Amino acid sequence: MALFKNIIGLIFLLLMQVSCSSDDNATPSLSAPLALNPSDITQNSFVANWAGVKDAQSYVLDVSSDIDFTSFVEGYQALSVNGIYTVVDNLSPSTSYYYRVRAVNGTAESSNSMVISLTTEIPDGSVLKELTQDFFIGTIVQSNRMTGMHHEVINREFSSITAEYEMKMNIMYPSEGVYDWTASDAIVNYAVENKLNIHGHALVWHNATPNWVENFSGTDAEFETMLEEYVKTVVTRYKGKITSWDVVNEAFNDGSGTYRNSVFYQRMGASFISKCFQWAREADPDVLLFYNDYNMCSDQTKRDAVFTMVDDLISNSVAIDGVGYQMHIAYNWPAKKDIQDATQDILDRNLKVHYAELDIRANPNNDQSTLTDARSLELKAKYKEIAELYTALPTVNKYALTIWGLKDNESWLLDFHGQIDWPLLYNNNFEEKDAYYGVLEGLVK
């Protein structure tokens, strides 16, 4: 019995030694590090920081330009770091980055920390037009708003201008046989003198039709001859100065996608569109010709109708170079994917994309009496989204991104909706808003 007890005791001691030996070499359980806010953010770098973890021998850092970490910044996938901070460099300016960190001891590795986000700084002294070398960044003008601060901001920030309303039929052709070039000549001459691109807007638009055209007393054939003469006269006058035209504007009804019952449709049927494009091309073989319309990112029925018309032009060898999407949108609408999907319809036809008439309502529900900091940042985010989407397009498909106004109190939206809003890049004193910096950030590649 004594021998048996001694044997049992010896086995117990051996087991204890093995157990103690295993505990001494056991892999420690590591908690996830506490990732801290970055420091020393510049245009091209930042310092990633985190709190130390007990028993950690080193740390592993991931840096990505997307929050899901589906791809990694070169050199920063599972980067081993022997401390609680490191410099992350060789980055792009004005770009969002994300980082996370794990603790390591031998073969043991903790779970990921929380994800930290940051945006690198905008290059010093940046202006909008310097960031848009492969497309135009535009704004609108009126003939009496091309001096003083208007002139200063236009020429500092923009590379293209569009007449807000003074190059439409009711202004340039107010009575039969009589053209008035006063405002349009002033705008075109200003563009030429200041080396600005000019986008012509718009040759044919139902809402800018002079009364004498609405009440034209001649035959349908005479109406068509009159319209041809008008289109060719205008395009020829500015040949070599105006590089693009919205030939036809807003020819389709919302919701139904049917043709708008304009005087042009009544007199000529749907063919008025193709004929206007043909006449414009005959007048200027080099000018870019666009069809332009609104709600193109949200009204699928209307968009389908527009592209059925566009496809007919293409199949019949009628010149069309691009499609303009009027981006009269809101800080919370439409969704980014809807804009991408709508834009793809233009890309699929290998046409040029014009994000035209961009303004973003900050107060669509009239729930703001002042532009709050929170809403201002939401407006900034939407402007940045649009600029990023346009910048990412293939170069061959880019034409222009045109902001529909300079400062808030001059926006057409105030009178149209009858309520206060702050939809543009500058406040009433020509001071840059958060929205301006949203565009600036979105333009940086």
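Two strands are said to pair if DSSP finds at least two bridges between them. Strands (E, at least two residues) and helices (H or I, at least four) are DSSP runs, numbered from the N terminus. The model is a predicted one, in which local features need pLDDT of at least 70 and side-chain atom pairs count only at pLDDT 80 or more, whereas totals for chains, interfaces and linings use all residues. Residues are numbered from 1 along each chain as its sequence is written, and side-chain values use heavy atoms, with hydrogens and water left out.

Two bridges join β6 to β7 (residues 108-109), and the two strands run antiparallel. Here V104 stands opposite E109 in β7. The hairpin of β6 and β7 has two residues between the strands, and in it G106 takes a positive phi near 65°. β6 also pairs with β3 (residues 58-64) in the antiparallel sense, over seven bridges, with V101 of β6 as the bridge partner of L61. With β8 (residues 116-119), β6 forms four bridges, again antiparallel; Y97 has L118 in β8 as its bridge partner. Nine of the 10 residues of β6 are buried, where buried means under 20% relative accessible area, exposed over 50%, and partly exposed in between (1.4 Å probe, protein chains only).

A separate open sheet is formed by three strands in the order β1-β2-β5, with antiparallel pairing. Because β1 (35-39) and β5 (85-88) each have a single partner strand, they stand at the edges, and one side of each is left without a neighbour in the sheet. β1 is joined to β2 (residues 46-50) by three bridges, and A35 stands opposite W50 in β2.

Five bridges join β12 (residues 244-249) to β13 in parallel, with L289 in β13 as the bridge partner of W245. β13 and β14 likewise pair in the parallel sense over five bridges, and Y291 stands opposite V323 in β14. Six of the seven residues of β13 are buried, so this strand is largely enclosed by the rest of the structure.

Is C297 buried or exposed? C297 is buried, with a relative accessible area of 10%. Leaving aside residues up to four places away in sequence, C297 touches R303, Y325, M327, P334, D338, I339 and A342, contact meaning heavy atoms within 4.5 Å.

The pockets complete the picture. On a 1 Å grid over the protein atoms alone, a cavity is a set of points where a 1.4 Å probe fits but cannot get out, and a pocket is an open set with protein on both sides within 12 Å along at least five of seven lines; lining residues have an atom within 4 Å of a point. The largest pocket is lined by 25 residues, of which E250, Q326, H328, W412 and F416 lie nearest its centre. Elements giving two or more residues to this lining are β11 (197-205), β14 (322-330), β15 (352-361) and α12 (412-417).

The second largest pocket is lined by 18 residues, and S96, K336, K384, E388 and G442 lie nearest its centre. β6, α10 (336-347), α11 (373-391) and α13 (434-443) each supply at least two residues of that lining. Among these, α11 gives the most, with seven residues.
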